[in-house]
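Please keep the sequence and the structure in view while reading.

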Amino acid sequence: RKPENMLSIGIIVEELFGLAVRHAYPDLDDIPVMIQGSSKFADYQCNSALVICAKLKAQGVKLPPKEIAQKIVASLPESEYFSKVEAAPNGFINIDLSKDYVSGQISSVLQKGPSPPNVGIKKRVVVDFSSPNIAKEMHVGHLRSTIIGESLCRLLEWVGHDVLRLNHLGDWGTQFGMLIAHLKDKFPNYLSVSPPIKDLQAFYKESKVRFDEDEAFKKRAYEAVVKLQNGDEAHLKGWNLICDVSRQEFQKVYKRLGVSITERGESFYQPLMGAIVKELEEKEHLVLEEGRKIMYIPGAPAPLTVVKSDGGFTYATSDLTAIKHRLHVEKGDWLLYVVDAGQNLHLQSIFDAGVIAGWYDPKQARVEHVMFGVVLGEDKKKFKTRSGEVIRLVDLLDEGVKRAEMKLVEKGRDKELTKEEMKKAMEAVAYGCIKYNDLSHNRNHEYVFSFDRMLDDRGNTAAYLLYAYTRIRSIARTAQVSPQQLKEAATKTKIVLDHPKEWKLAKCLLRFPEIILKCLDDLLIHTLCDFLYEVATTFSEFYDSCYCIEKDKSGKIVKVDMSRILLCEATASVIGAGFHILSITPVDKM
Ligand code: ARG
């Protein structure tokens, strides 16, 4: 089989050796083909011979591992991929890639860009992310969900899946009673004149104080909830007005971060909840306890409350309704919930409930909680302002831009760049760093939020990668090779990989599709960040020892090594594709 552009070489190696192993030992089944990436000895290593040796031994047949390895090598189908396949005395098979093959793959990256690995059947993926709550400020926990969610969507879309991005806004619940009651008091003519609420947070606090202190107000708040739930028009209007204020705030953050998401809050599922409760009741999954209707989930520490004793619905009811909707109406066959680790028990119960209710078969549909740890301040405690308040996201972004500006000024960039370029660079650096800092940590762990660390242009940071990318992109310009010349050279110039650093860089670039497949499997994006960092450092090794441009004493260019210039371009192209998935905007000048 002829591979498509950039079909993952690791997978090709695995498939070919799988064939060889089955051909050499047809009577043994279940032999895992284990391929390891580059070692001291080779580009890839296969250790199936050792597994076979142990199996045969158990059957009473004693054979030296090297002999088994040789038999596998002899059974390997003809192919263009390898320059050397050799059985080592210890039974490992050392595999070296062919220069022609790697060189051809680099050419294809130059012509078509890095194309996604083949993922087989395209899936309909529903991704629930960001999902802040109305009237409460969006905080760093929501920032993590937003950043990780956006990046996962881009990853899934890049390989061709059909992705539905959903914002499961907390836009319904008893707090709206007090908010509406307060709205009616403060802005009695809210139905005709839009109330100028600037700070919804403060508005929330005011109404909460009244709710806690004023019995009459509390009573009116409860009445407002009932009216809202019964669909009273004036109350719905008030609810909508309050939601709109939040919505505009959220939208500003999404715009700055380049996030696109469809709002489908808890309220969307309200009209559908009655039928869900009825279905669960008819299937006898609900039990009545102290006036509540609850659903027991085997293995879960607590049951789900589906209907409260006052007849109201809960967070669980909306999630039960949502999961069925996502599976049956949206036809999702892969559901992701990008939500903090603290909600794991809740979500696991919802997922189990969906199976119990017969809404999906976990063997057919992938339903996953993509969880993440908390964000810590530099004091290793929960990230808060000095006065102990939650940090507002907008303030955080503003601060990032300010700090990025300081960095750029420190480097004297403000003198070289136009105002417009400077603004672009500031934002790209700030948002890129905030995102990368989050994504480059294993999401299962907590991480420390440090502007100093993330804006450092040494080490595995977006600042470093952005500088590296900009520098690589500028090489062709310095060599006075025009984009048109580059395009022509991409099809005509053979990529020479004779220098060990050229060879190392080219092989590193080829691992991109494998990394993408790994990310799709475990949804851990930091693997991609680690890879991009490796690409940038491997590039730097190459650039230090391989001249791309030679100048004479007067600084005049005397020689341009086109093959190397193309290798620079291919590197930029791979980093660029990585940036796209991480939602990082590169800048031409910085
Ligand atoms: N609004 C919730 C919160 O801020 C997150 C919602 C997550 N999604 C879900 N389907 N439960 O905690």
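In which loop does K331 lie? K331 is placed in the loop between α11 and β11; here helices (H or I, at least four residues) and strands (E, at least two) are DSSP runs, numbered from the N terminus. The model is a predicted one, in which local features need pLDDT of at least 70, side-chain atom pairs count only at pLDDT 80 or more, and totals for chains, interfaces and linings use all residues. Residues are numbered from 1 along each chain as its sequence is written.

K331 is not a glycine, yet its phi is positive, at about 55°. Most residues other than glycine have a negative phi. K331 counts as exposed because it has 11 C-beta neighbours inside 10 Å. By this count, with C-beta atoms placed from the backbone, a residue is buried if 20 or more other C-beta atoms lie within 10 Å of its own, exposed if 12 or fewer, and partly exposed in between. Q480, in the loop between α17 (462-478) and α18 (483-492), also has a positive phi, near 60°. Q480 is exposed, since 10 other C-beta atoms lie within 10 Å.

The ligand is surrounded by D128, S131, P132, N133, H168, G170, D319, A322, Y337 and V339, a residue being near if its C-beta atom, placed from the backbone, lies within 6 Å. Two elements give two or more residues to this shell, α11 (315-329) and β11 (334-340). The shell divides into four nonpolar, four polar and two charged residues; Ala, Val, Leu, Ile, Met, Phe, Trp, Tyr, Cys and Pro count as nonpolar, Asp, Glu, Lys and Arg as charged, and the others, Gly among them, as polar.

The largest nonpolar core has 138 residues, and those with the most contacts inside it are V127, V429, L465 and L509. Such a core is a set of buried Ala, Val, Leu, Ile, Met, Phe, Trp, Tyr and Cys residues joined through C-beta atoms within 7 Å. Helix α22 (residues 562-582) gives the most to this core, with 13 residues. A second, separate core of 19 residues includes M178, L179, A221 and I242.

Finally, an unreviewed UniProt entry places the feature "domain: DALR anticodon binding" at residues 465-590; its positions follow the numbering used here, feature names are shortened, and annotations may be inferred rather than shown by experiment. The span is 69% helix and 6% strand, and its end C-alpha atoms lie 12 Å apart.
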